[in-house]
Amino acid sequence: MPALSPQSYFLDADVASGQTTSAGIYLGNGVLCGVYTPAEFDGTAITFQASPDGGTTWVPVHGADGTAVSVTVAASRYTRVDHALFLGVDRVKVVCGTSQTGASAIKVAARRV
């Protein structure tokens with residue numbers, strides 16, 4: 001894992017051309033706290049899926065109020081995500097609201113807990 005700081009790191013959440021969802025990402029001893037969207041990113045929203053069983057089953061991430069966790073994003077931007085929404089989640093997928101017209105190399109920022 002390339003280091004951002006002693007407590008932060010990032011992981012690849014690549015989304016293939018024509019797709020909306022990344023492969024599963026293992027956060028290790030960290031919690032998701034942001035996403036970097038590349039210049040070629042298509043769309044304005046990202047949601048997330050979490051796995052309760054190590055990556056076999058994936059379910060949408062919802063907040064305590066029952067609404068899906070969604071962040072508004074744009075190309076070439078870092079968007080902070082409320083890390084408290086991901087406490088207890090060790091595997092995530094990034095779900096783009098729009099199919100990508102080319103491969104999108106999204107980076108997930110995580111912070112060690």
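Is Ser-76 buried or exposed? Ser-76 is exposed, with a relative accessible area of 54%. Exposed means over 50% relative accessible area, buried under 20%, and partly exposed in between (1.4 Å probe, protein chains only). This is a predicted model: local features need pLDDT of at least 70, side-chain atom pairs count only at pLDDT 80 or more, and totals for chains, interfaces and linings use all residues. Residues are numbered from 1 along each chain as its sequence is written, and side-chain values use heavy atoms, without hydrogens and water.

**Two serines in loops**
- Ser-76 sits in the loop between β6 (70-72) and β7 (77-80); strands are DSSP runs of E, at least two residues, numbered from the N terminus.
- Beyond its neighbours within four places in sequence, Ser-76 contacts Thr-37, Pro-38 and Ala-39 (contact means heavy atoms within 4.5 Å).
- Thr-56 is 20 residues from Ser-76 in sequence and 32 Å away in space, C-alpha to C-alpha.
- Ser-22 lies in the loop between β1 (8-15) and β2 (25-26).
- Ser-22 is buried, at 3% relative accessible area.
- Outside four places in sequence, the contacts of Ser-22 include Ala-13, Asp-14 and Lys-93.

**The nonpolar core**
- The largest nonpolar core has 26 residues; such a core is a set of buried Ala, Val, Leu, Ile, Met, Phe, Trp, Tyr and Cys residues joined through side-chain atoms within 4.5 Å.
- β1, β3 (30-37), β4 (45-50), β8 (91-96) and β9 (104-112) each supply at least two of its residues.
- β1 gives the largest share, 4 residues.
- Leu-27 is among the residues with the most contacts inside this core.
- Leaving aside neighbours within four places in sequence, Leu-27 touches residues including Leu-11, Leu-32 and Val-108.
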